[in-house]
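Subject: Structure for your review

Dear colleague,

My notes on it follow, arranged by topic.

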Amino acid sequence: MPKEYMDEYQPLLIKEIKPRRPKLPNKSLLLAACAACIGGTFQYGYNISVINAPTMYVQNFMNQTWRERYQIDVSQEFLTLLWSTIVSMFTLGGFIGVTIGGTLSVKLGRKGTLLTNNVFALVAALLMGLSYPTGLFELLIIGRLFTGINAGIAICVQPLYLGEIAPTAFRGAMGMGTSIFITGGILTGQVVGLKEILGREEYWPILLATTCIPAFLQLLILPWFPESPRYLLIDKGDTEGCKKALKQLHGIADCDAEWEDIEKEKNNLKGVKAKKPWELLADRSARWQLLTIILLNAAQQLNGINAIYFYADYIFKQAGIPNDKISYVTVGTGACECITALTCGMLIECLGRKVLITGGYTLMSICCILFTLTLSFQDASPVVPYLSMACVFAFILSFGLGPGGVTNILTTELFTQTTRPAAYMIAGSVNWFSFFFIGLVFPFIVIGLQQYCFLVFLAICSLVVIYIFLVVPETKNKTFLEIHNEFQPSSSRKASSVDGAGTTLLSGPL
């Protein structure tokens with residue numbers, strides 16, 4: 001080709017080859033995500049932390065009520081049992097919620113389930129707010145059960161909604177909304193529980209009833225946004241509804257690529273119904289995906305983050321922080337985790353899921369070693385308690401950077417539309433059971449091993465790093481079908497057929 005023609009077409013060639021720079025997500029998409037999260041996982045985080053501030057006040061109320069009923073003080077052992085019941089009802093409710101969340105998301109839709117779920121939060125707020133005026137501490141037990149059900153459904157369905165409304169290029173960042181709002185809820189609960197706000201004895205019924213505020217906000221905001229486009233097209237066959245939802249969420253200019261992706265997935269899943277959890281467990285084509293999410297969700301609770309919070313008060317006291325100031329330092333740990341979740345959200349599309357979660361668990365393993373050493377030599381030098389404090393914050397940062405945020409995203413990305421709700425039911429059940437298990441067993445581990453309990457968590461974090469490195473593929477910028485085929489045997493991948501549009505068909509049986 002003559003040079004003058006080369007010079008003429010060079011700009012066109014460069015323009016064709018130059019990759020398209022990703023734009024920011026549509027404003028409507030971000031608002032829909034916030035509306036889903038405020039009444040979803042924000043509630044989960046808020047109700048985990050808000051119960052800590054009024055512990056003594058609630059116990060005094062139960063003792064006073066018992067005295068008025070039976071003219072005798074309740075024994076310390078029974079009072080501890082009652083308080084443990086109130087706290088553990090949240091876990092039981094969460095387990096119930098996650099077992100029904102997947103089924104509700106198929107029948108009512110993702111958005112419909114999130115809106116309906118607010119009924120549990122409103123009833124819980126009413127019951128806990130009325131417990132003191134009526135003199136019935138049993139209402140607290142029932143109220144905490146309902147907050148748990150609300151949290152269980154939210155932690156199951158909200159990531160589904162976020163993963164399905166997000167474009168492929170921003171799926172990781174959007175999925176981080178789950179982690180960001182959990183940590184935001186924890187931080188908000190810690191702040192609202194300070195004595196300067198609602199942490200005084202006369203305000204504790206109002207403090208526990210504030211769980212109604214996020215529920216009202218979601219009921220006001222979320223109805224203005226559409227149902228998941230994938231649910232509308234693949235589950236309901238609503239073509240027009242899907243196109244309308246895509247235009248609202250992604251804008252008219254950017255909805256065509258997402259429409260093609262959803263349509264390809266629908267064609268590959270033609271005639272396949274949504275699977276039940278037991279059907280997914282029997283599906284050999286999804287066994288590695290299932291094993292991955294089971295291990296990651298169990299590790300999310302068993303990696304030592306609960307032990308860090310358990311030891312935090314002791315470490316802060318050893319560092320010379322007065323008892324009346326420890327609550328403010330605890331707020332600092334919540335802020336630390338929240339900032340890390342935001343940082344992870346900004347990094348996840350650049351570095352990828354695998355790098356972040358592997359790096360997070362690696363740093364946590366190092367922190368476990370350092371924390372064991374600093375606790376063992378706590379009295380060796382005045383500097384050591386401050387090193388222990390640094391380990392507390394470093395561990396929380398490492399958790400928020402990887403495991404805290406990426407685990408839920410992987411649960412969304414490793415499955416297709418028909419298996420995703422069942423996968424969330426299984427993953428959520430494992431997560432809540434592990435939460436209950438560590439709460440039950442951890443005190444005995446501490447008594448038996450003391451500071452060496454972190455060696456157990458070191459082993460868990462190290463094994464997870466090895467598993468992720470060997471088994472889990474990078475999912476950044478891949479469609480759900482491409483990720484599914486990553487887990488198939490190489491022989492099956494070669495046998496995968498490709499249609500005229502370049503769609504790789506699912507290689508294994510669904």
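In which loop is the place of Gln 71? Gln 71 belongs to the loop between α4 and α5 (76-107). Please bear in mind throughout that this is a predicted model.

Backbone angles

Most residues other than glycine have a negative phi. Gln 71 is not a glycine, yet its phi is positive, at about 55 degrees. With a relative accessible area of 64%, Gln 71 lies over the 50% cut-off and therefore counts as exposed. Asn 477 also is not a glycine and has a positive phi, of about 60 degrees. Its place is in the loop between α22 (453-471) and α23 (480-486). Asn 477 has a relative accessible area of 46%, between the limits of 20% and 50%, so it is described as partly exposed.

In soluble globular proteins, nonpolar side chains tend to be buried together. Here the largest nonpolar core has 109 residues, and those with the most contacts inside it are Met 62, Tyr 361, Phe 371 and Phe 454. Helix α7 (residues 138-165) supplies the largest share of this core, namely 12 residues. Domain 1 (25-225) and domain 3 (275-487) each contribute at least three residues to this core. Neighbours within four places in sequence aside, Met 62 is in contact with Leu 79, Leu 82, Trp 83, Ile 86 and Phe 137. There is also a second, separate core of 12 residues, which includes Ala 286, Phe 415, Ala 422 and Ile 483.

Aromatic rings

A pair of aromatic rings is described by the distance of the centres and the angle of the planes. The count for this model comes to 14 aromatic pairs. In one of them, the ring centres of Phe 42 and Tyr 46 are 6.1 Å apart and the planes are at 15 degrees; because this angle is under 30 degrees, the pair is stacked. Phe 42 and Tyr 46 both belong to helix α3 (residues 41-49), where they are four residues apart, about one turn of the helix. Both Phe 42 and Tyr 46 are buried.

The aromatic pair of Phe 61 and Trp 204 is tilted, with 5.3 Å from centre to centre and 50 degrees between the planes. This pair links distant parts of the chain: Phe 61 is in helix α4 (residues 55-70) and Trp 204 is in helix α9 (residues 204-209), 143 residues apart. Phe 61 and Trp 204 are both buried.

Charged residues

Two rings have a charge to consider. The charged end of Arg 171 sits over the ring of Phe 480, 4.4 Å from the ring centre. The charged end of Lys 243 sits over the ring of Trp 259, 4.9 Å from the ring centre.

Is Asp 261 buried or exposed? Its relative accessibility is 11%, which is under the 20% cut-off, so Asp 261 counts as buried. Asp 261 is found in helix α13 (residues 255-268). The side chain of Asp 261 makes a polar contact of 2.7 Å with the side chain of Arg 230. Apart from neighbours within four places in sequence, Asp 261 is in contact with Thr 168, Arg 230 and Thr 479.

Yours sincerely,
A colleague

Terms used
Residues numbered from 1 in each chain as written. Predicted model: local features only at pLDDT ≥ 70, side-chain atom pairs only at ≥ 80, totals over all residues. Heavy atoms only, no water. Helix = DSSP H or I, 4+ residues; strand = E, 2+ residues; numbered from the N terminus. Buried < 20%, exposed > 50% of the residue type's maximum accessible area, 1.4 Å probe, protein only. Polar contact = N/O pair within 3.5 Å; in protein donor to acceptor, adjacent residues only side chain to side chain. Contact = heavy atoms within 4.5 Å. Core = buried A, V, L, I, M, F, W, Y, C linked by side-chain atoms within 4.5 Å. Domains from an automatic or database assignment. Phe/Tyr/Trp six-rings, centres within 6.5 Å; stacked < 30°, edge-to-face > 60°. Lys NZ or Arg CZ within 6 Å of the ring centre and 35° of its normal.
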